[in-house]
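Reader: I have just opened this one and would like to be walked through it slowly. Could you take me from the helices to the loops?

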Amino acid sequence: MENRIELTTPISDEIIKNLKAGDMAYISGTIYTGRDAAHKKMCELLAKGEPMPFDFEGATIYYAGPCPAKPGTPIGSVGPTTSGRMDLYSPQLIAKGLKVMIGKGLRNKEVIDAIVEHSGIYFAAIGGAAALMGKSVISAEVIAFEELGTEAIRRLVVKNLPVIVAIDSQGKNMYEEGRKNYEL
């Protein structure tokens with residue numbers, strides 16, 4: 001049986017440093033959604049010296065644009081967005097304290113270098129399982145950039161959101177390791 005890793009936000013540097021690429025974890029607590037349009041706006045706020053929509057310290061951002069909630073539910077499907085769409089903005093936000101990211105797919109060298117330099121971590125969520133991911137959400141509210149619609153930043157409270165460590169704080173990359181296993 002797997003060693004069940006349960007994480008509660010905010011996630012400390014000590015915990016981040018102990019997680020390894022390939023570890024399966026379950027996140028509970030407050031996380032934030034944000035995709036490329038929200039990342040662009042956050043970088044614009046940084047350039048103006050204005051505050052971020054949420055405190056980055058130990059915070060977790062989930063690259064997702066949730067579907068509208070059905071009656072009686074806090075949110076609709078909430079699957080991960082391709083993380084490469086945030087790569088242009090992520091190094092700048094990581095340098096300002098954002099360390100914990102959830103998405104799907106590969107990250108570029110600049111993002112991986114920023115993760116290593118600032119002891120960050122990148123989790124992969126289960127692509128194609130948006131309805132399942134939505135069941136982990138207890139509550140949801142828009143906190144910034146409401147004009148972006150589904151891409152607005154939302155504060156979610158989650159319980160046991162399933163994720164896998166894709167890139168750990170040492171830069172070990174599950175995607176690269178997986179490829180090596182199948183090279184001829």
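This is a predicted model: local features need pLDDT of at least 70, side-chain atom pairs count only at pLDDT 80 or more; totals for chains, interfaces and linings use all residues.

Reader: Thanks, let's start with α2. What span should its 12 residues have, and how far apart are its end C-alpha atoms?

Author: Helix α2 covers residues 36–47, and at 1.5 Å a residue it should span 16 Å. Its end C-alpha atoms are 16 Å apart, which agrees with that expectation.

Reader: And which residues of α2 are buried?

Author: The buried ones in α2 are Ala38, His39, Met42, Cys43, Leu45 and Leu46. Looking down the axis of α2, these buried residues fall within an arc of 155 degrees, so they line one face of the helix.

Reader: What do the buried residues of α2 pack against?

Author: Their partners are strand β3 (60–62), helix α3 (90–95) and strand β7 (153–167). As for what comes after the helix, α2 is followed by Gly49, which has a positive phi near 75 degrees.

Reader: Is Arg35 buried or exposed?

Author: Arg35 counts as buried because its relative accessibility is 15%, and the cut-off for buried is under 20%. Leaving aside neighbours within four places in sequence, Arg35 is in contact with Tyr63, Ala64, Gly65, Thr81, Arg85, Met86 and Glu151.

Reader: Okay, on to α4. Which residues are buried there?

Author: In α4, which covers residues 109–117, the buried residues are Val111, Ile112, Ala114 and Ile115. Seen down the axis of α4, they fall within an arc of 160 degrees, so here too a face of the helix is lined by its buried residues. Those residues pack against α3, β4 (100–103), β5 (121–125) and β7.

Reader: Then which exposed residues does the face turned away from the buried side of α4 carry?

Author: That face carries Lys109 and Glu117, both of them exposed. For Lys109 the relative accessible area is 56%. The C-alpha atom of Lys109 is separated by 13 Å from that of Tyr122, with the two residues 13 apart along the chain.

Reader: What is in the loop between α4 and β5?

Author: Gly120 is found in that loop, and Gly120 counts as buried at 0% relative accessibility. Apart from neighbours within four places in sequence, Gly120 is in contact with Ile16, Lys99, Ile115, Asp168 and Ser169. One of these, Ile115, is among the buried residues of α4.

Reader: Can we go further along the chain? Where does Asn173 lie?

Author: Asn173 lies in the loop between β7 and α6 (174–182), and at 4% relative accessibility Asn173 counts as buried. Setting aside neighbours within four places in sequence, Asn173 is in contact with Ala21, Ile112, Ala166 and Ile167.

Reader: And Met174, which helix is that in?

Author: Met174 is found in helix α6, and Met174 is partly exposed, with a relative accessible area of 25%. Met174 and Lys20 are 154 residues apart in sequence, yet their C-alpha atoms are 9.2 Å apart in space. When neighbours within four places in sequence are left aside, the contacts of Met174 are Ala21, Gly22, Ile164, Val165 and Ala166.

Reader: New topic, the backbone. Which peptide bond is cis?

Author: The bond from Thr9 to Pro10 is cis, with omega near -5 degrees. Pro10 is found in the loop between β1 (5–8) and α1 (13–18).

Reader: What is the phi of Phe145, and of Asn160?

Author: Phe145 has a positive phi of about 60 degrees although it is not a glycine, and Asn160, also not a glycine, has a positive phi near 55 degrees. Phe145 is in the loop between β6 (137–144) and β7 and is buried, with a relative accessible area of 14%. Asn160 is in strand β7 and counts as partly exposed at 27% relative accessibility.

Reader: Last one, what is the volume of the largest pocket, and which residues line that pocket?

Author: The largest pocket has a volume of about 170 Å³. Its lining residues are Pro68, Lys70, Thr73, Pro74, Ile75, Gly76, Ser77, Ala131, Gly134, Lys135 and Val137. By class, that lining has 5 nonpolar, 4 polar and 2 charged residues.

Conventions. Residues are numbered from 1 along each chain as its sequence is written. Side-chain values use heavy atoms; hydrogens and water are left out. Helices (H or I, at least four residues) and strands (E, at least two) are DSSP runs, numbered from the N terminus. The expected span of a helix is 1.5 Å times one less than its number of residues. Buried means under 20% relative accessible area, exposed over 50%, partly exposed in between (1.4 Å probe, protein chains only). The arc is that of the directions from the helix axis to the C-beta atoms. Contact means heavy atoms within 4.5 Å. On a 1 Å grid over the protein atoms alone, a cavity is a set of points where a 1.4 Å probe fits but cannot get out, and a pocket is an open set with protein on both sides within 12 Å along at least five of seven lines; lining residues have an atom within 4 Å of a point. Grid points are joined across faces, edges and corners, and a volume is the space filled by probe spheres set on the points. Ala, Val, Leu, Ile, Met, Phe, Trp, Tyr, Cys and Pro count as nonpolar, Asp, Glu, Lys and Arg as charged, and the others, Gly among them, as polar.
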